[in-house]
Amino acid sequence: MKKLLLLFSLTIITISCSSGDEDAYGIFNPPAWIQGVWKDEASGATLTFTNHDIKYTTSGKSFSFSRQANTYSQTLAQEISSTPNLYVSDFHQGNQGTIFRFNFSKTSNTRMHSKGHLPGNYVKQ
């Protein structure tokens with residue numbers, strides 16, 4: 001019984017001590033080729049793709065799309081396409097059902113084009 005209580009306590013402590021990383025929200029699953037930091041050539045804004053999140057940073061402010069979707073709608077992103085050269089995913093923002101589509105296509109190993117939400121030409125950093 002003591003071992004069971006100890007195991008339960010350790011589980012609670014582990015869950016309570018999360019790193020604060022937005023990956024914990026985990027609604028996206030970007031493919032390996034897109035993970036990392038990409039900078040928009042025109043605006044200088046950056047997109048950071050992690051295992052389970054897409055983060056947008058501009059003017060020193062960062063925005064986590066996984067956190068946003070979990071905060072307002074509790075809806076998972078819907079992956080439309082994930083190939084070696086294309087990543088397309090939809091997510092809902094808020095209870096009103098507004099849908100945003102990310103559409104990223106790899107044009108070289110260091111460049112990609114976005115024609116969905118957050119359009120532009122991005123260079124891998």
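**Note on strand pairing and salt bridges**

1. In this predicted model, β1 and β2 form a hairpin with 5 residues between them, and glycine 44, which sits in the turn, has a positive phi of about 85 degrees. The two strands, β1 covering residues 36-40 and β2 covering residues 46-49, pair in the antiparallel sense over 4 bridges, and within this pairing valine 37 has threonine 48 in β2 as its bridge partner.

2. Strand β1 also pairs with strand β9 (residues 120-124), again in the antiparallel sense, over 3 bridges. Here aspartate 40 stands opposite tyrosine 122 in β9.

3. A search of the whole structure finds 2 salt bridges. One of them joins arginine 111 to glutamate 41, with the closest N and O atoms 2.5 Å apart; this pair links distant parts of the chain, since arginine 111 belongs to strand β8 (residues 111-114) whereas glutamate 41 lies in the loop between β1 and β2, 70 residues apart. Arginine 111 counts as partly exposed at 34% relative accessibility, and glutamate 41 likewise counts as partly exposed, at 46%.

4. The salt bridge between arginine 101 and aspartate 90 has its closest N and O atoms 2.6 Å apart. Arginine 101 lies in strand β7 (residues 98-108) and aspartate 90 in strand β6 (residues 86-93), so the pair ties together parts that are 11 residues apart in sequence. Arginine 101 is partly exposed, with a relative accessible area of 39%, whereas aspartate 90, at 11% relative accessibility, counts as buried because that value falls under 20%.

Technical notes: Residues numbered from 1 in each chain as written. Predicted model: local features only at pLDDT ≥ 70, side-chain atom pairs only at ≥ 80, totals over all residues. Heavy atoms only, no water. Pairing = 2+ DSSP bridges. Salt bridge = Lys/Arg side-chain N within 4 Å of Asp/Glu carboxyl O. Buried < 20%, exposed > 50% of the residue type's maximum accessible area, 1.4 Å probe, protein only.
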